[in-house]
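Hi there,

Here is the structure I promised to pass on to you. Have a look at it first, and then read my notes below.

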Amino acid sequence: MHRLYKKAITYLLSKDFLVTLLVLSIMLSIFWYMLWASQLSRRTVLIETFPELTIYLTFGIVLGLIFAGRAIYSRSVKKKIKHMLEMFFGGFVLGFLSIVNIFDVYVYLFPDEVISYTSDYKIVFPGPSTGKSSHCEAGIWVKDVHTGQFKQLCTNREMLFKKRMQGMDELWITARVNELGTYIVDYRFTYK
């Protein structure tokens, strides 16, 4: 039994285990960040002129080209093209996914000021998409005064019945704003 413990401790202190632990920690951190950032994006409105998708695609293509360029020096001539395309695609996906929603995170973390304003709203059923095949039960369309754009917020019937009384025809919105957009912190139904 003592030899088994000694073997287990030796493995836990080995270089392979520590590298595996480091890689898993990095992957879990990236996964957590992506979930957190996608939640922030549900309440973030970027300015209309900001080329968000173009920046994401450009970063993905540049990283894909770097990976493909590195692959040129690593394989034989027969497998070079296939390996280069695989490396380009892997680099593109890594680059694209690593910065997607980064501007929403920037708006959330670095606000220039916090503002409050009122907005008309419209309730729709079903609400915005929350995934590949699911939707919020209800959605509230609001107009952000900072960006001038409309945003659909996720809600449900229960919240609407609890917080919205008859005659409440405006929303009081609190938001963090900076030069890139708005993050809607909170909203409450109110009377005009």
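Helices H2 and H5 are roughly perpendicular to each other, because their axes cross at roughly 70°, and an angle of 65 to 115 degrees counts as roughly perpendicular. Please keep in mind that this is a predicted model. H2 covers residues 15-41 and H5 covers residues 102-109, and their axes come within 9 Å. On the H2 side, the contact is made by Tyr33, Trp36, Ala37, Leu40 and Ser41. H5 brings in Ile102, Asp104, Val105, Tyr108 and Leu109. Of these contact residues, eight are nonpolar, one is polar and one is charged.

**Aromatic rings**

How many aromatic pairs does the structure hold? There are twelve. One of them is Trp32 with Trp36, a stacked pair with 5.8 Å from centre to centre and 5° between the planes. These two sit four residues apart in helix H2, so about one helical turn separates them. Trp32 is exposed, at 55% relative accessibility, whereas Trp36 is partly exposed, at 27%.

Phe92 and Phe96 are stacked too, with ring centres 6.0 Å apart and planes at 20°. They are four residues apart in helix H4, so again about one helical turn lies between them. Both belong to an aromatic cluster that also includes Phe50, Tyr56, Phe88 and Phe103.

**A buried serine**

Ser119 lies in strand S2 and is buried, because its relative accessibility is 6%, and buried means under 20%. Its side chain reaches the backbone nitrogen of Lys143 at 3.2 Å. Among the residues Ser119 touches are Val142, Glu170 and Ile173.

Enjoy exploring!

Terms used. Residues are numbered from 1 along each chain as its sequence is written. This is a predicted model: local features need pLDDT of at least 70, side-chain atom pairs count only at pLDDT 80 or more; totals for chains, interfaces and linings use all residues. Side-chain values use heavy atoms; hydrogens and water are left out. Axes are lines fitted to C-alpha atoms, for helices over the stretch in contact, and angles run from 0 to 180 degrees between N-to-C directions. Angles under 35 degrees count as roughly parallel, over 145 as roughly antiparallel, 65 to 115 as roughly perpendicular and the rest as oblique. Contact means heavy atoms within 4.5 Å. Ala, Val, Leu, Ile, Met, Phe, Trp, Tyr, Cys and Pro count as nonpolar, Asp, Glu, Lys and Arg as charged, and the others, Gly among them, as polar. Buried means under 20% relative accessible area, exposed over 50%, partly exposed in between (1.4 Å probe, protein chains only). A polar contact is a pair of N or O atoms within 3.5 Å; within protein, one must be able to donate a hydrogen and the other to accept it, and residues adjacent in sequence count only if both atoms are side-chain atoms. Rings of Phe, Tyr and Trp (its six-membered ring) pair if their centres lie within 6.5 Å; planes under 30 degrees apart count as stacked, over 60 as edge-to-face and the rest as tilted. Lists of a residue's contacts leave out its neighbours within four places in sequence.
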